[in-house]
Amino acid sequence: MSDTTALEGALAGLSNAVRAGRTLLVALDFDGVLAPLVDVPSRSRATPEGAAALRRLSGADGVRLALISGRGLADLAAVAEVPDGTLLVGSHGAEVGAWDGGLRPGDPALDDEQSSLLARAADELSRLVEGTTARIEVKPTTVVLHTRGVPTQDTDRLVDAALALGERLDLDTMAGRDIVELSVLRVTKGDALRELRSGTGAGPVLFAGDDVTDERAMAVLGPGDVAIRVGDGESVAPYRVADPEAMARTLHRLADLLGS
Ligand SMILES: [Mg+2]
């Protein structure tokens with residue numbers, strides 16, 4: 001059986017489940033899945049074919065649409081151009097909202113204890129950067145040290161101090177180019193997908209992703225679900241398509257089968 005035939009069979013299984021009255025959750029990563037990868041993230045957009053496929057699926061009875069991205073929620077909403085009613089999950093699952101003519105952010109992701117931990121981290125980090133040109137940014141679930149343009153000796157000291165702070169407060173710590181990000185939540189796209197499935201009451205799930213973080217989501221899928229890897233790279237997904245154009249064709253095929 002060719003890959004294409006196997007995927008066709010899997011899509012037919014999903015549409016049969018919908019015909020039998022179950023809800024199908026179509027949850028997709030954005031960059032590299034709906035949108036080709038670009039150098040400037042703010043210019044990233046879904047292919048016209050992919051955007052059209054989402055509009056068709058959003059009109060299908062028994063289908064819920066969601067995007068699950070590593071982007072911050074507001075950042076995702078700014079580029080996604082999704083149909084109304086699409087669920088948007090940002091920061092790998094730490095931020096949840098929906099698109100309804102504009103972004104409707106969900107409940108705050110943090111409980112009281114986590115909020116005060118975030119405030120404490122922000123406060124301590126603010127004191128660390130006093131007298132330097134570094135700045136801090138407080139996001140919904142993380143606090144970020146920005147060291148772009150800061151003299152090297154200050155940067156080295158601040159990065160070390162920020163990492164030590166993260167360890168002391170037991171935060172999830174990520175050092176990137178000119179940033180250190182301290183998060184009070186440890187969430188993965190797998191956690192996000194589980195939440196989406198229970199929140200929507202979905203039966204089967206179709207999930208597609210193109211990167212390592214997406215594998216965490218694919219790992220929580222079970223029989224009757226469909227995981228699709230877009231592009232190259234090792235994957236647990238049983239199905240694979242080449243690129244966002246091929247992903248768009250797959251979504252159109254699903255819409256065909258659903259009669260939408
Ligand atoms: Mg991606």
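**Entry 1: one leucine.** I looked up L11 and found it in helix α1, residues 3-19. Helices here are DSSP runs of H or I with at least four residues, strands are E runs of at least two, and both are numbered from the N terminus. Is L11 buried or exposed? L11 counts as buried because its relative accessible area is 2%; the scale calls a residue buried under 20%, exposed over 50% and partly exposed in between, with a 1.4 Å probe and protein chains only. Leaving out residues up to four places away in sequence, I listed what L11 touches: L206, T250, R253, L254 and L257. Contact means heavy atoms within 4.5 Å. I also checked L11 against A219, 208 residues along the chain, and their C-alpha atoms are separated by 19 Å.

**Entry 2: ground rules.** I noted that this is a predicted model, where local features need pLDDT of at least 70 and side-chain atom pairs count only at pLDDT 80 or more, while totals for chains, interfaces and linings use all residues. Residues are numbered from 1 along each chain as its sequence is written, and side-chain values use heavy atoms, with hydrogens and water left out.

**Entry 3: the whole protein.** I counted eight helices and 12 strands. The radius of gyration, taken over C-alpha atoms, is 20 Å, close to the 18 Å that the globule rule (2.2 Å times the number of residues to the power 0.38) gives for 260 residues, so the protein is as compact as a globular protein of that length. The C-alpha trace spans about 60 × 35 × 35 Å along its principal axes. Of the 260 residues, 50% count as buried. I also looked at contacts between residues at least 6 apart in sequence: 53% of them join residues at least 24 apart.

**Entry 4: two domains.** Domain 1 takes 3-109 + 188-258, and domain 2 takes 112-183. These bounds come from an automatic or database domain assignment. The C-alpha centres of the two domains lie 32 Å apart.

**Entry 5: the eight-stranded sheet.** Which order do the eight strands take? I read β5-β4-β3-β2-β1-β10-β11-β12, an open sheet with mixed pairing. Two strands pair if DSSP finds at least two bridges between them. The edge strands, β5 (103-105) and β12 (239-241), each pair on one side only. From one strand to the next the twist averages 25 degrees; axes are lines fitted to C-alpha atoms, for helices over the stretch in contact, and angles run from 0 to 180 degrees between N-to-C directions. β3 and β4 pair in the antiparallel sense over four bridges, and L88 stands opposite G97 in β4. Helix α2 (48-58) packs on this sheet, touching β1 (24-28) and β2 (63-68), and its direction makes about 140 degrees with that of β2. Helix α6 (189-200) packs there too, touching β1, β2, β3 and β10 (205-209), at about 160 degrees to β2.

**Entry 6: the four-stranded sheet.** This open sheet has the order β6-β7-β9-β8 and antiparallel pairing. Its edge strands are β6 (135-138) and β8 (172-176), each pairing on one side only. Neighbouring strands are turned by 15 degrees against each other on average, direction ignored. Five bridges join β7 (142-146) to β9 (179-183), and T142 stands opposite S183 in β9. Helix α4 (112-129) packs on this sheet, touching β6, β7 and β9, and runs at about 15 degrees to β7. Helix α5 (152-168) touches β7, β8 and β9, and its direction makes about 10 degrees with that of β9.

**Entry 7: the magnesium ion.** Which residues coordinate the magnesium ion? I found D29 (OD), D31 (O) and D210 (OD), at 2.0 to 2.2 Å. Donors are N, O and S atoms within 2.8 Å of the metal (3.2 Å for Na, K and Ca), and water is not among the atoms, so sites may look incomplete. D31 sits in the loop between β1 and α2, and D210 in the loop between β10 and α7 (212-218), 179 residues apart. Both D31 and D210 are buried.

**Entry 8: two positive phi values.** E81 is not a glycine, yet its phi is positive, about 50 degrees. E81 is found in the loop between α3 (73-80) and β3 (87-90) and counts as exposed at 54% relative accessibility. S91 also has a positive phi, near 50 degrees. S91 is in the loop between β3 and β4 (95-99), and is buried with a relative accessible area of 19%.
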